[in-house]
Amino acid sequence: MGTTRRAVLRTVVALAMAGAITMPLWSCGHTLGESIQLRTGVMGTTATGGSPASFVNRRGWQVDLTEAYVVIGPIYFYEAAPQAHWLDGVVGLRQAHAHLVVSRGTVLGEVLQQHVIDLLSGAVHDTGTWSGVAGQCQSAEVQLLPPGEHELGPTSHAIELVRGHTIWLSGVAAKDGVTIPFEGGLTLPDEGKLRLIEDIAGTMDLQDASESPGAAVVLIYVDEWLGNVNFDTLPEPAGEGPRVLAEGSQAYTAWQSGVRSRFSYGTIWKE
Amino acid sequence: MNKPTTIRGTHLTLVAATAMAAGLSSGCASDDVGTGSLEIGVNGGIALQEGFPHTEGAVEHAFVDGWSLQLTKYIMVLDRIRLTDPADGDAEVASWDGPVMIDLHAGGGDNKQLAVLGDLPATRLDMQFDVIPASAGTEARDVDSADAVTMIDDGLTYLIEGQAEKDGQTIAFRLGLDGSSRYSQCTNGKDNTQGVAIEAEKTVGVFVWHHPHHLWWDVAIAAGNEQLRFDAWAAVAGADDLVTAEELETQDLTDLQDAAGDPLLDEDGDPVFYDSGPALKPDELNLLAFVRYAARAAVHFNGLGFCTMTVQQ
């Protein structure tokens, strides 16, 4: 056997071994992903894509917001589908349990800062360009921490807008001839996973994110935050001024439930 | 002499690599692995035997709002168990056809045998099973005949009965839940591996575990902060002191109330909050929907093993 034939054989062997080693990775659907630069953003909207400044909630209240600010971040975009999507009967749930950490697949993108977002601006708030991995994003997670509990992004100058809370709202709610001005802040309790909104559904193709115009955007459905709020449960103010979204009222509990709900968020690739 | 050795070595390496490629890519097991058996049971653990509070290891499981609770019936319907071979494209190796309704509390809450599957290849297999509503063809085991009729007529998947006590007050509950779920790709709670390893010439035992604690936790998905609570149940019992599914549906999770209609407060005087965030849609925030989710999430494999659950309806 000549040198050429041996070289061919060695090449065949090498290819066979390489195939043997890498084939399971291909067949298991892992992201082969190359590094990308991922532009990210956050935007306030409604579940139907309308203006979050004015909507009717599930309990029949016409809500007109004058302020809606949130401190959001970090944010993670995952390869894996939502793990708790079983209610839709589409995707199985790897049932979480005490102390169980479920796999959400590769982190394709992330925002490792807190950003102050004006949810009524009608525009996507830029939360920066971050290193990521090419792939198909199928779920996301956002963290709603108190302001300053994580590194603040370029919007740190706006931190006073949330008045020390994670979220600050003000506006007017009206129903059956009753008009209730309101305002207040919400900070989720530091218990369990209450400050993590996991399993946010939404599919984005991040294969060519570096070259494609646009950004991976987290949508906040402000109408779902307030969807079950009965504003007449807010305590009357002692004097003049709006009613305060105070802890202990149905309005506050319903607001907190809405903020905690993964159904109050979505993701979209937005140009 | 070196050339033939080199050629022979290359040839052998090629054969080995080819075999390796075949093995890794197809996951084929060797043919003669022997056979064994699998005994499959179902139980609800110590909570069915002792109620609440009870102690497991060093952990006391007690209601934070002061209730003690005993279960008297815990009927669930299991259907079609499939054993599949992940090394052979998830081909079905053996199955057990249900459905059977079985009272996990009967006989003191000990493990109930569902099936013994024999002549299984001695290799690691995946397990899949269904939990479904009762129907006319459902076999009843350890189930009172009147309850069996109720299960079938009402299309129930679970019928759970018991009573809770606090400060001399007794509140009973009789809860029928429907819904169909499939559990697959189960992690073995015994050793955290996937599926179960069949051993040659042996009978391996596994069990489906319905974990009752979920029904009274105040979080949909536990993360170490879950608390057992019954006040929200007791509040809707009505004059007959009996909680039903219909009454649980009246308890609004955004406006939890006590029996007097006042805000439901916890042991510190703060409003009780049930964290439904990962589970319930905004238009179904009531205690029945929460408990229905909890019952589905309570199904584990061989202890605290978790399965991929898919809602079938």
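This is a predicted model: local features need pLDDT of at least 70, side-chain atom pairs count only at pLDDT 80 or more; totals for chains, interfaces and linings use all residues.
## Contacts around B:Asp231

Contact here means heavy atoms within 4.5 Å. Leaving aside its neighbours within four places in sequence, B:Asp231 is in contact with B:Asp65, B:Trp67, B:Lys166, B:Leu264 and B:Leu265.

Where does B:Asp231 sit in chain B? Its place is in helix α4, which covers residues 231–234. The relative accessible area of B:Asp231 is 18%. Buried means under 20%, so B:Asp231 counts as buried.

## The disulfide

How many disulfides does the structure hold over all chains? There is one, and B:Cys186 and B:Cys307 form it, with their sulfur atoms 2.2 Å apart. This pair links distant parts of the chain, 121 residues apart. B:Cys186 lies in the loop between β12 (181–184) and β13 (196–197) of chain B, while B:Cys307 lies in the loop between β16 (299–301) and β17 (308–311) of chain B. In general, a disulfide is a covalent bond between the sulfur atoms of two cysteines.

The torsion about the S-S bond of B:Cys186 and B:Cys307 is about 110°, so the disulfide is right-handed. Are its two cysteines buried or exposed? B:Cys186 has 0% relative accessibility and therefore counts as buried. B:Cys307 is buried as well, because its relative accessible area is 1%. Over in chain A, A:Cys137 is another buried cysteine, with a relative accessible area of 0%.

## Helix α6 of chain B

Now for a helix that is mostly covered: α6 of chain B, residues 287–297, has 10 of its 11 residues buried. Among them are B:Leu287, B:Leu288, B:Phe290, B:Val291 and B:Tyr293. The buried residues of α6(B) also include B:Arg296.

Which residue caps the N-terminal end of α6(B)? That is B:Asn286, which has a side-chain oxygen 3.0 Å from the backbone nitrogen of B:Leu288.

## The largest pocket

Our last stop is an open space. The largest pocket holds about 500 Å³, and 21 residues line it. Nearest its centre lie A:Pro189, A:Glu191, B:Asp266, B:Pro271 and B:Phe273.

What kinds of residues make up the lining of the largest pocket? Nine are charged, seven are nonpolar and five are polar.

Methods
Residues are numbered from 1 along each chain as its sequence is written. Chains are lettered from A and ligands numbered from 1 in the order in which they are written. Side-chain values use heavy atoms; hydrogens and water are left out. A disulfide is a pair of cysteine sulfur atoms within 2.5 Å. Helices (H or I, at least four residues) and strands (E, at least two) are DSSP runs, numbered from the N terminus. Buried means under 20% relative accessible area, exposed over 50%, partly exposed in between (1.4 Å probe, protein chains only). On a 1 Å grid over the protein atoms alone, a cavity is a set of points where a 1.4 Å probe fits but cannot get out, and a pocket is an open set with protein on both sides within 12 Å along at least five of seven lines; lining residues have an atom within 4 Å of a point. Grid points are joined across faces, edges and corners, and a volume is the space filled by probe spheres set on the points. Ala, Val, Leu, Ile, Met, Phe, Trp, Tyr, Cys and Pro count as nonpolar, Asp, Glu, Lys and Arg as charged, and the others, Gly among them, as polar. A polar contact is a pair of N or O atoms within 3.5 Å; within protein, one must be able to donate a hydrogen and the other to accept it, and residues adjacent in sequence count only if both atoms are side-chain atoms.
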